[in-house]
Amino acid sequence: MASVARLKMGKPGTGRIVGDKWVGRAIRIYIPLLLLLVVTLFPFYWMAVTSFKSASELFDFSVSPLWVREPTLDWYKHLFTQTNFPHWAFNTAVVATVSTLISLFCSVLAGYSLARLRYRGADSIGWGIFVTYLVPPTLLFLPLTFVIRDLHLFNNLWSLILTYPTFLIPFCTWMLMGFFKSIPRELEEAALVDGATRIQAMFRIAIPLAIPGILAAALFAFTLSWNEFLYSLIFLNDSLVKTIPVGVTQELIHGDEFFWGELMAAALLGSVPVAVLYSFFVDHFVAGMTAGAVKG
Amino acid sequence: MASVTYEHVTKKFSADTTAVDDLSLSIKDTEFMVLVGPSGCGKSTALRMLAGLEDITAGQIKIDDQVVNEMPPRDRDVAMVFQSYALYPHMTVFDNMAFGLKMRGSSRTEMDSRVKEAARILRLDQLLARKPRQLSGGQRQRVALGRAIVRQPRAFLLDEPLSNLDAMLRVQTRIELQKMHQRLGTTFIYVTHDQVEAMTMGDRIAVMKDGVLQQVAPPREIYDEPVNMYVAGFIGSPRMNFLPVTITDHQAKASGLELKLPKAPGVARGILGIRPEHFLPNVSADDAVIDLKVEVLEVLGADQYLYGKVGSDELIARVDPQLKVSVDDHVRLGINMRRLHLFDPETEQAVF
Amino acid sequence: MGTAIKADAVAPWHRRRVRIYDREAPLGYLLLVPTLLILGIFLLYPFLFGIWLSITDSELGNLGNFIGLGNYRFEWRNTDGVFYTAVANTFLYTGVTTVFKLALGLVMALLLNQAFPFRRFVRAALLLPYIIPTVLSYEAWRWMFDPTFSVINWLLVNTHLVAYPGPNWLGVPANAMAALMIVNVWRGTPFYAIAFLAGIQVIPLDLYEAARVDGATRWQQFTNITLPMLRPVLLVVLLLSTILTFADFQGPFVLTNGAPYNSTQLLSIWAYQWGIPGGAIGLGAAISLVLFPLLTLVVAGVLFMLRRPE
C-alpha cells in the first residue's frame, strides 16, 4: 500500500544529484532506456503494422516495410466473419475470469491461514504449496489427459477452469501471505477484544485490508490464465471451445501457409485486454511483487 | 466494573523462555493499577493474557469471581487500547468506535448515541467521518480511547497508550486519562515502561522485572520503601545512587565517605542507596557529609544536577539551581539520614 | 529465580494448560481445504499417476501394462541422440537465457528507478513482453524471423550490418537456438526487472546517502549496497524463473517445435511430441519426468549459490 504511494510520488534521493551533468544523464539513462524501449516494443509495432497491411503489401519489401501505405481493416473483418475468433475470445475471457475467481477464493483463505493462524504443520504445508513449483504443467499434462477423460471434461472449458488453479494458487497464496503478514496483528487482536469472532476478525479486518494484494494476485492470475497454452492445446479440440492462443496458432495456420495479416490482427486483439488491465494496475502489480518478494 | 485476580499465572513461550513467572496480583474494583517495568519484563504479556490474546501456561486469571482462562476474548467484556492504537484503517472514526457495539449486536440508535457521547467527551465530534490516516497522532489516540469507552466494559486494559505521543501531549493525555478514570469509575489496568506515568497515574503500581513481580504498592510507598535495589533504581529520576559500603556495627564506610547508620544492620557489607534529591545543601554538625568533586553540571531551570565523584564512587546530586558551582569544584553536601536506604549486596533486598 | 521449578510448584488445578491458539487449528485447516483439494486432485494425483504411467506402455486414452523401466531406456528410440540433445539444450537454454535476463533485468530495474519524464508509461511499456500472451508475441517473432520476409534481416541489411539476404533464423540449427534464446530473454527480462525494481525501492535511501557522503562512486554504491540488499529478491526471482524456463513449452513450441532436425529439441517439447501426436503417453510421461530430478538439481544449485553468506 505504502509502496504504491511511494511510486507515484517519486522519492527524494532519486532526483538529480548535485554535479550531475545533463550529458552524463543522457548517456547513462536516456540512451539505454531508448534502446530498451525500441527492442521491447518493436515486435508489437510490427504486429500492428502487419495487421493493417493488404495482402500484396505484406510481402513487398522493395520499399520500407516499416510503414503501412494503404491501411486496411480486411484482416480484422476476416477474423470476425470467417473464423471462430469471437468464440475464442469469449472462451478465453470465461476461463480466465472463472479460474481467477476460484484461485483467489482458495488462495485468500490459504494465504490467511498460513500467514495468520498458528497451528501444527502450518509451516510445512506452506512449504509444500511452494514446492509445487517443481511440478510445472509440462510434467502434468500427460497424466492429466486421463484425469480429464475420466471426468468427461474433454472439449469442455471446465477442463481448463479446474486445472489452471494448480499453477495459479501457489503463486497467489505466496503473494497474499506476504500481504497478510504486513497487516499488523494488533488490528485483529483489537477486533477480537472488541467482540469479534476469529472469522469475523478475518473477514472484517484482515481481508478488506489485503485488497491491494488481492487485486495484484487477481491481475497475475488473470494474465496467466489468459496466456495459458499447453493445457488448452491438449484438452480442447473442437474449434468452438478453443481459447485465443490455441485457436490462433492452430486455425490461422494451414500447413505451411501462414496468414500473417490475420495472425497479427488476432495477436494484437488477444493482447489488448491484458495490456489495458496492466496499464491501469501496474502499480498494484509492482506492490504485489514487493509484498511477495521482499516481505514474503 | 470488576476486580481482576492473577493467581500463580505463568506464561511460557517455549520451554526456556518464560515471559511471566508465577504472577499473583489482585486488582480491586475501580482501581487504577499500573504495571511498570522495562521492555521484555512480561507486563504486556500479563495484560494480553487478561484480554485473552495469549493462552495461560499455568495458573488462573479471574475477572470478578469467574475464571476466564478458557474464555475467548469477545466474552470477557474488557476493552483494550493498544500502543499502536490498532485503529482499523479502512473504517471511519465512527465505524471504528462503533465496531465493538456492532459485534455485540447493539441497535443502530444505541450505537449512534453512545458513539456521539464518547466523541463529545473526547472532542472527536467533528472527526467522525474521517479515516484514521487523516488524523493526527493525538486524535488517533483519542479514537482508540473512544473505541474502548463506548463499549462500557468491565475493565480497561491500556498497553503503553501514550508512548507514541510527543512529550507535551503525553502530559496532557495523562491528566485526561486520570479524569476519565474518575468519571467512569471502571477498573483500569495500565501497562507502561515509563516510571513517571506509573507514579502519577496509578492508585497502585506493580513493578515487574524478567517476568517476576517485584513489588505492588501505592506510588508513595514504592518511592519511599522500595523492597529491593531494582525497584529503588527503577522508580525515581535521576536514579538512586548506590554506594558499596563496609559496615562495622553502626559505622558504614565507603571510598569517600563515612557515616553512622541509624540502626545496626547486622551485616558486614551493604549497598547504600541515596536518592539524588536527598542531599542537603546546608550542612549541620551532626549530619553525615560528603565531599563531591563535580565533573559535569546540568542546569534545568528548576533543578540543578551535579555529576561527580565521592572518593572512587560516581554520584548524582540534585541541588538548588541558585547554588553557584562550576566544574572541578568540591561541594560539601549533607545526607538526609531519614531517607537513607541500605541493601544487601547478595540478595539486593532492602535492609531498611 | 528458578523459573521452571516455580511453574511446576503450582497446584495441580492451576496447571491445566490452556492454549487459546489451539483453537485456531480447526479454522486453519478448514481454510486450507479448497486449496489442498484442487492441488490434490489436479496436481499431486496426476504427478503420482504420471510416475506410474512412465512405467507402462500406455497410449493416448488407453491405459497400458507395466513394462518396468523400459520407457527410460531412451537410447532405444534415440538413434540420433535426441534425448541427450534435448537434455543438453534444456540446460543450455535455461543457463544462457538466465544469465542474460539477470543482467538485463538488473540494468532495466536500475534505469526504471531513475527519475525521468513519463516514468509510469515507460515502466508499463517495458513490462509488455512479459504480460502479453506468449504464444501471440512468439507468432510475431516467428513472422519477424520469416525465412524470406524477415523484417529483422531487412533492417540488418539496410543498415549494412549483414550482407543480403541475412541469416536464415529458424532454418539453421545454431541460429534457431539463438533465436529461441533471444525471444525468451526478450520476454523474461521484464519479470526480473520489475522484481528487482521492487527490491531496490525498499532499500533505505540513507544507505546511499551515507555512502555518497563517504565518497563511494556509483559503481561502489551498486556493488556494496544494491547487490547485497537484493539478495532475497534475487533468490525468489531466480528460483521462479529457472523453473519456468527449464520447463518452458509454449514459446519453443510455437517458434521451432524442436526443428530443424531436433536441434532445438527440449525435454518439454519432446515429451509432448511422443505423448500427444505420437500417442505414446507412457514414454512421454517418462521423458517429462526426467525434468523432475533435473529441476530439483537446478533448484538446489540456485539455493546453494545464493545461500546466506556465513
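Chain C has 13 helices and zero strands, where helices (H or I, at least four residues) and strands (E, at least two) are DSSP runs, numbered from the N terminus. Along the sequence the pattern is α-α-α-α-α-α-α-α-α-α-α-α-α.

Before going on, the conventions. This is a predicted model, in which local features need pLDDT of at least 70 and side-chain atom pairs count only at pLDDT 80 or more, while totals for chains, interfaces and linings use all residues. Residues are numbered from 1 along each chain as its sequence is written, and chains are lettered from A and ligands numbered from 1 in the order in which they are written.

I stay with chain C for its overall dimensions. The radius of gyration of chain C is 26 Å, whereas a compact globule of 310 residues would have one near 19 Å. That radius is taken over C-alpha atoms, and the globule rule is 2.2 Å times the number of residues to the power 0.38. Taken along the principal axes, the C-alpha atoms of chain C fill a box of roughly 90 × 70 × 35 Å.

How much of chain C counts as buried? The figure is 42% of the 310 residues. A residue is buried if 20 or more other C-beta atoms lie within 10 Å of its own, exposed if 12 or fewer, and partly exposed in between, with C-beta atoms placed from the backbone. As for contacts in chain C with a separation of 6 or more, 67% are accounted for by residues 24 or more positions apart. Two residues are in contact if their C-beta atoms, placed from the backbone, lie within 7 Å.

Now two helix pairs in chain C. Two packed helices are described by the angle between their axes and the distance between the axes. Here axes are lines fitted to C-alpha atoms, for helices over the stretch in contact, and angles run from 0 to 180 degrees between N-to-C directions.

Helix H2 (residues 24-53) and helix H13 (residues 281-305) of chain C pack at about 115°, and their axes are 8 Å apart. The crossing of H2(C) and H13(C) is left-handed; a crossing is left-handed if the near helix is turned anticlockwise from the far one by less than a right angle, and right-handed if clockwise. H2(C) contributes C:Gly50, C:Ile51 and C:Leu53 to the contact, and H13(C) contributes C:Ile281, C:Gly282, C:Ala285 and C:Leu289. By class, that is five nonpolar, two polar and no charged residues. Ala, Val, Leu, Ile, Met, Phe, Trp, Tyr, Cys and Pro count as nonpolar, Asp, Glu, Lys and Arg as charged, and the others, Gly among them, as polar.

The second pair is helix H3 (residues 82-112) and helix H10 (residues 231-246) of chain C, at an angle of about 145° with axes 9 Å apart. H3(C) passes H10(C) in a right-handed crossing. On the H3(C) side the contact includes C:Tyr93 and C:Lys101, and on the H10(C) side it includes C:Ser241 and C:Phe246. This contact has two nonpolar, seven polar and one charged residue.

Next, the interface of chain C with chain A. In it, 85 residues of chain A are in contact with 84 residues of chain C. Which helix gives the most to the side of chain A that touches chain C? It is helix H15 (residues 260-295) of chain A, with 16 residues. That side of chain A divides into 58 nonpolar, 21 polar and six charged residues.

Last, chain B. Five strands form an open sheet there, in the order S15-S19-S16-S17-S18, with antiparallel pairing. Strands S15 (279-280) and S18 (313-319) of chain B are at the edges with a single partner strand each, so one side of each is left without a neighbour in the sheet. Two strands pair if DSSP finds at least two bridges between them.

Going across the sheet, two bridges join S15(B) to strand S19 (residues 330-335) of chain B, and B:Phe279 has B:Ile335 as its bridge partner. Strand S16 (residues 288-299) of chain B pairs with S19(B) over six bridges, with B:Ile290 opposite B:Leu333. Six bridges also join S16(B) to strand S17 (residues 304-310) of chain B. These two strands form a hairpin with four residues between them, and B:Gly301 in the turn has a positive phi of about 90°. Seven bridges join S17(B) to S18(B). Their hairpin has two residues between the strands, and B:Gly311 takes a positive phi near 60°.
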